[in-house]
Amino acid sequence: MDAEVIVVGAGPTGLMLANELALAGVDALVVERLAERSGQSKALNLQPRSAQILDMRGMLQPLVERAIVSLSRSHFAGLSIDYRPLGENQLGIRQARVEECLETRLISTPLRAGRG
Ligand SMILES: Cc1cc2nc3c(=O)[nH]c(=O)nc-3n(C[C@H](O)[C@H](O)[C@H](O)COP(=O)(O)OP(=O)(O)OC[C@H]3O[C@@H](n4cnc5c(N)ncnc54)[C@H](O)[C@@H]3O)c2cc1C
């Protein structure tokens, strides 16, 4: 494999990292052991700070469109959280949908993605 950086795993972490590298003009290669996405989701929501960062990159709107719900109160690690003072909501969105959006964005950049 010929790349400046090899990102192992096309989950949310790997895909976001690859998007950031692409933005910085780094020649990166993403490898994923699954030939196809399972469609299963461990994460079911997006915390406000994650949404803010994605918004800064112009990547939030497709996620908002795919969100099932927007919550002003929720929990993190079992602790109740009220997001209203932040003026932000937690988005209820399946991890699989987030991965699709991040991958679509990545494919639209001159970065290579590999599976298998
Ligand atoms: C039961 C459960 C519930 C959760 N609920 C929530 C929630 O409600 N909200 C929330 O925000 N988070 C939740 N999480 C956490 C969330 O799922 C993780 O933070 C998120 O999946 C991390 O993303 P990731 O990309 O680091 O890892 P992953 O999603 O695990 O993705 C890793 C990817 O790397 C690939 N891979 C692994 N090893 C290799 C290899 N050697 N070569 C090539 N590819 C490889 C895998 O196939 C996979 O596609 C939950 C987690 C669990 C387990």
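This report walks through the fold, the domains, the nonpolar core and a few individual residues of the chain shown above.

The model is predicted, so a word on ground rules: local features need pLDDT of at least 70, side-chain atom pairs count only at pLDDT 80 or more, and totals for chains, interfaces and linings use all residues. Residues are numbered from 1 along each chain as its sequence is written, and side-chain values use heavy atoms, with hydrogens and water left out.

## The chain as a whole

Let's begin with the overall layout. The chain holds 4 helices and 8 strands; these are DSSP runs numbered from the N terminus, with helices being H or I of at least four residues and strands being E of at least two. Their order along the sequence is β-α-β-β-α-α-β-β-β-β-α-β. Along the principal axes, the C-alpha atoms fill a box of roughly 45 × 30 × 25 Å.

Of the 116 residues in the chain, 31% are buried. Here, buried means under 20% relative accessible area, exposed means over 50%, and partly exposed lies in between, using a 1.4 Å probe and protein chains only. The chain exposes about 7300 Å², and carbon and sulfur atoms supply 55% of that area; accessible areas come from the Shrake-Rupley method with a 1.4 Å probe, and for residues only the protein chains shown count as cover.

Contact means heavy atoms within 4.5 Å. Among contacts in the chain with a separation of 6 or more, 65% are between residues 24 or more positions apart.

As for charge, there are 13 positive and 13 negative side chains, and the centres of the two sets lie 6 Å apart. In this count Lys and Arg are positive and Asp and Glu negative, while His and the chain ends are not counted. Each charge is placed at NZ of Lys, CZ of Arg, CG of Asp or CD of Glu.

The domain assignment gives domain 1 (1–39 + 95–116) and domain 2 (44–93), with bounds that come from an automatic or database domain assignment. Taken over C-alpha atoms, the domain centres are 23 Å apart. Where the domains meet, 10 residues of domain 1 are in contact with 9 residues of domain 2.

In soluble globular proteins, nonpolar side chains tend to be buried together. In this chain, the largest nonpolar core has 20 residues, and those with the most contacts inside it are Val-30, Leu-46, Leu-54, Leu-60, Leu-63, Ile-93 and Leu-102. Helix H1 (12–23), strand S2 (28–32), helix H2 (48–56) and helix H4 (95–107) each supply at least two of the core's residues. Domain 1 and domain 2 each contribute at least three residues to this core. A nonpolar core is a set of buried Ala, Val, Leu, Ile, Met, Phe, Trp, Tyr and Cys residues joined through side-chain atoms within 4.5 Å.

## Residues to look up

The table lists relative accessible areas for several residues.

| Residue | Relative accessible area | Class |
|---|---|---|
| Glu-32 | 11% | buried |
| Gln-95 | 12% | buried |
| Asp-27 | 30% | partly exposed |
| Arg-94 | 30% | partly exposed |
| His-75 | 49% | partly exposed |
| Ala-77 | 68% | exposed |

Arg-94 sits in the loop between strand S7 (90–92) and H4. Although Arg-94 and Leu-44 are 50 residues apart in sequence, their C-alpha atoms are 4.4 Å apart in space. Not counting residues up to four places away in sequence, Arg-94 touches Gly-39, Ser-41, Ala-43, Leu-44 and Ile-68.

His-75 belongs to strand S5 (residues 73–76). Beyond residues up to four places away in sequence, His-75 touches Gln-47, Ser-80, Ile-81 and Gln-90. The C-alpha atoms of His-75 and Gln-90 are separated by 9.5 Å. Ala-77 lies in the loop between S5 and strand S6 (79–82), and has a positive phi of about 50° although it is not a glycine.

Finally, Asp-27 is in the loop between H1 and S2, with its C-alpha atom 15 Å from that of Met-16. Glu-32 is placed in strand S2, and the C-alpha atoms of Glu-32 and Gly-14, 18 residues apart along the chain, are separated by 9.4 Å.
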